[in-house]
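Hi,

Here is the structure I said I would pass on.

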Amino acid sequence: MKVLITFFSYTGNTRKVAESLASVLNEKVDVDLEEIQPTRHQPYLYWLILSFIPKLRTPIKPPKANPSQYDLVCLGLPKWTVSCPPINQYLKEVNLRGKTLGLFITYGGFDERRYLKQMIKLLNKKGARVKATLLLKRRWIKEGKAAEHIRRYCNALLES
Ligand SMILES: Cc1cc2nc3c(=O)[nH]c(=O)nc-3n(C[C@H](O)[C@H](O)[C@H](O)COP(=O)(O)O)c2cc1C
């Protein structure tokens, strides 16, 4: 089984989760990691303003991995007010039709459930099926309290 973990991270929390996820999954399956990267680095205020515009996209570096070559794709992103432009662009560029997905979202502390539901709806519209989800609060990641959540999420991803 081949798994692609593809993620965007601005301040490093989602990257940390993606890397932990990769090391847990690696015990059982082949894992590739792909980081979604905007073509230009922008300051917090710039992203904050853009994040309020629904469905807005922003240029990203060309993705290297093709999701169609994987049995499972795990998409990771931070919760950004209304939407996350680099993720919107990624979802425009890759084809996830027919794919089974895992979704993981890191957040500061509010409105994460609505955002998760919105992402699931968007991914379903693109023809993907979301098998397992993980919401991780920034504080849990920083305090090293995410490991058990990640392990449970991995089990849910791999169960048949
Ligand atoms: C532009 C921007 C908007 C954000 N909006 C929210 C929000 O609406 N709700 C929330 O709980 N956290 C919000 N956050 C906090 C991030 O979701 C949180 O810090 C996350 O773990 C960041 O992930 P990263 O380090 O991988 O970029 C926002 C952060 C940024 C930069």
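Is Glu148 buried, partly exposed or exposed? Glu148 counts as partly exposed, because its relative accessibility is 47% and that class sits between the 20% and 50% cut-offs. Before you read too much into any side chain, keep in mind that this is a predicted model.

Staying with Glu148 for a moment: its side chain forms a salt bridge with Arg152, and the closest N and O atoms are 3.7 Å apart. Both residues belong to helix H6, which covers residues 147-158, and since they are four residues apart there, about one helical turn separates them. Elsewhere, salt bridges with shared partners tie Lys79, Asp111 and Arg114 into one network.

Glu143 forms a salt bridge with Arg139, where the closest N and O atoms are 3.9 Å apart. Glu143 also meets Lys145 in a salt bridge, this time at 2.8 Å from N to O. As for how open these positions are, Arg139 is partly exposed with a relative accessible area of 44%, and Glu143 is partly exposed as well, at 42%.

In total, the structure holds seven salt bridges. On the charge count, you will find 28 positive and 13 negative side chains, and the centres of the two sets lie 8 Å apart.

Now the overall fold. The protein has six helices and five strands. If you walk along the sequence, they come in the pattern β-α-β-α-β-α-β-α-β-α-α. Of the contacts between residues at least 6 apart in sequence, 79% join residues that are at least 24 apart.

What about size? The C-alpha trace spans about 40 × 35 × 25 Å along its principal axes. The radius of gyration is 15 Å, which agrees with the value near 15 Å that a compact globule of 160 residues would have.

Last, the surface. Of the 160 residues, 48% count as buried. The accessible surface comes to about 8,700 Å², and carbon and sulfur atoms account for 50% of that area.

If you want a place to start in the viewer, go to helix H6 and find Glu148 and Arg152, then move back to Glu143 and its salt bridge with Lys145.

Cheers

Notes
Residues numbered from 1 in each chain as written. Predicted model: local features only at pLDDT ≥ 70, side-chain atom pairs only at ≥ 80, totals over all residues. Heavy atoms only, no water. Helix = DSSP H or I, 4+ residues; strand = E, 2+ residues; numbered from the N terminus. Rg over C-alpha atoms; globule rule 2.2 N^0.38 Å. Buried < 20%, exposed > 50% of the residue type's maximum accessible area, 1.4 Å probe, protein only. Contact = heavy atoms within 4.5 Å. Areas by Shrake-Rupley, 256 points an atom, 1.4 Å probe, with all protein chains shown as cover. Lys, Arg positive; Asp, Glu negative; His and termini not counted. Charge placed at Lys NZ, Arg CZ, Asp CG, Glu CD. Salt bridge = Lys/Arg side-chain N within 4 Å of Asp/Glu carboxyl O.
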